[in-house]
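Please examine the sequence and the structure shown below.

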Amino acid sequence: MTTLAGAPTPLRQCVELAGKDLRAEARAGEALLVTVPFGAIGLLLVPLAVGTDTPLLREIGPGLYWVVVLLFGVLVTLRASTVDGPAQLDLLRLCGVGPGTRLAGRALANTVLLLGVQALLGPVAVVLYDPDLSGWPWLAPAALLVAGGLGVLGALADALAQGLAGRTTLGPLLVAPLAVPLLLGATQVLTAARYDRTAWPWLALMLTADLLTALAAALCAAHLEEAR
Amino acid sequence: MTPSDARLPILAGVAVIAGQAAALFAPPDQVQGELVRLMYVHVPAAWVAYLSFAITLGASGSWLWRRGPGADRVAAASAELGVFFTGLAITLGSIWGKPTWGVWWTWDPRLVTTALMFFVYLGYLALRRAIVDPVARARRCAVFGVAAFAQVPVVHMSVLWWRTLHQPPTILRPGDPTIDHAMLAALLINLVAFTLVFAVLLRARVRLAAAEDALEAAADARGRELAGDAVSAPKLAGFGV
């Protein structure tokens, strides 16, 4: 951070905060070393429950992958390793970092981590389910939109559940029902591409959900600021 | 209870009796027969659920603007009732769906979005229960109460936006309602009756919440030290006890 004379822009503050979160995560390894293996176990367990029928698994594999990304991704956004204590929050307030910037920083870090989660779980799903990957380039924008939307939703839920004993159980309940447009969009993009239908409407749905979530977060951030 | 307090429950009771009588005397449907009578409770339950969440939205916005504890109580009470009436609408719809569609549940956009709305507001209630501090609880729940309302128009418009088994809007639509007028009259009486029942329940729940808050404040005050407690009365020589 710089001095008041050259006060950093909110964007710079946001990037710095995201960097701080990512450095803390790199030390703790909570998201990538704990949650990702847990998600991989989830991908491994489902075929044991629904039957190890290869054509069936090939059909349902992409959908299961996105369900696992959604449910386990919420846990990543609510990770305890980067929870700011009261003293850290006070310091950020004294430094002039606004609540909106803090929320955006958290959302940015979440997005980067969720892209990592998707990248690590993707090969696991491909190996276990052998899905039809025709139209795979469409996955790149879909992955980005899922990570962005879930990152913002997770940051918002984290702010709502901040300091609560049951934040890691309450957070998923708040996020999961609101993340349905992302799940629908992500699963239908690949299906549309596979059957030579246009995938743009599904990307547009996800983008709209992302923008609405970001708008809600921007409007709510100031109201979530709590005096102690 | 004052006489004016008793008027609303009496009015609601009369309206419920009138509504049920109207539902029984309304003509059966040409296709669905007697099953259509479920409409007279299913549709009002869904309407009251929408109304509850709209009141939660308004009260949440009011809290963020004016910070009055009354607004928080109204928002909470209305959300509780909204969850109850959403559950009732889903259950009644499911009972109606079994003989009509052949299944208790189908992956229809109206059903799925309604179930999601139910879970979103269950999350709202869970958030309320998780926060002990009343101001923090009111603030965070007001924010969530405003954001959660986005789900309500999605539920209502779902039958127009997607292909669906559920019938499109018959009353809340531009132009003449696409329903027999005798049925419409019975439905409207039940809508009024359910709204009055909701008003009775909302008022009772808000009063109960206010009483709980007052009790909590009194309990807090009892255990608190008063200024001057630590100072003892001066003892004068020769007057000791």
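## The interface between the chains

How much area is buried between chain B and chain A, and what percentage of it do carbon and sulfur atoms give? In this predicted model, the buried area is about 1,600 Å², and carbon and sulfur atoms account for 74% of it. Arg139(B), Arg140(B) and Val143(B) supply 37% of the area that chain B buries against chain A, more than any other three residues. The size of an interface is often expressed as the accessible area lost when the parts come together.

In terms of residues, 18 from chain B are in contact with 16 from chain A. Between the two chains there are zero salt bridges, while three residue pairs are in polar contact.

## The side contributed by chain B

Helix H4 (109-130) and helix H5 (134-148) of chain B each supply at least two residues of the side that touches chain A. The largest share, nine residues, comes from H4(B). By class, this side of chain B consists of 13 nonpolar, two polar and three charged residues.

## The cavity

The model contains one cavity of 30 Å³ or more. The space in the largest cavity amounts to about 50 Å³.

Its lining is formed by Trp66(A), Val69(A), Leu70(A), Val146(A), Leu150(A), Leu182(A), Leu183(A) and Ala186(A). Three helices of chain A, namely H3 (54-77), H6 (139-160) and H8 (180-194), each provide at least two residues of this lining. The lining comprises eight nonpolar residues, with no polar and no charged ones.

How values were computed
Residues are numbered from 1 along each chain as its sequence is written. Chains are lettered from A and ligands numbered from 1 in the order in which they are written. This is a predicted model: local features need pLDDT of at least 70, side-chain atom pairs count only at pLDDT 80 or more; totals for chains, interfaces and linings use all residues. Side-chain values use heavy atoms; hydrogens and water are left out. On a 1 Å grid over the protein atoms alone, a cavity is a set of points where a 1.4 Å probe fits but cannot get out, and a pocket is an open set with protein on both sides within 12 Å along at least five of seven lines; lining residues have an atom within 4 Å of a point. Grid points are joined across faces, edges and corners, and a volume is the space filled by probe spheres set on the points. Helices (H or I, at least four residues) and strands (E, at least two) are DSSP runs, numbered from the N terminus. Ala, Val, Leu, Ile, Met, Phe, Trp, Tyr, Cys and Pro count as nonpolar, Asp, Glu, Lys and Arg as charged, and the others, Gly among them, as polar. Contact means heavy atoms within 4.5 Å. Buried area is the accessible area (1.4 Å probe) that two parts lose on being put together, summed over both. A salt bridge is a side-chain nitrogen of Lys or Arg within 4 Å of a carboxyl oxygen of Asp or Glu. A polar contact is a pair of N or O atoms within 3.5 Å; within protein, one must be able to donate a hydrogen and the other to accept it, and residues adjacent in sequence count only if both atoms are side-chain atoms.
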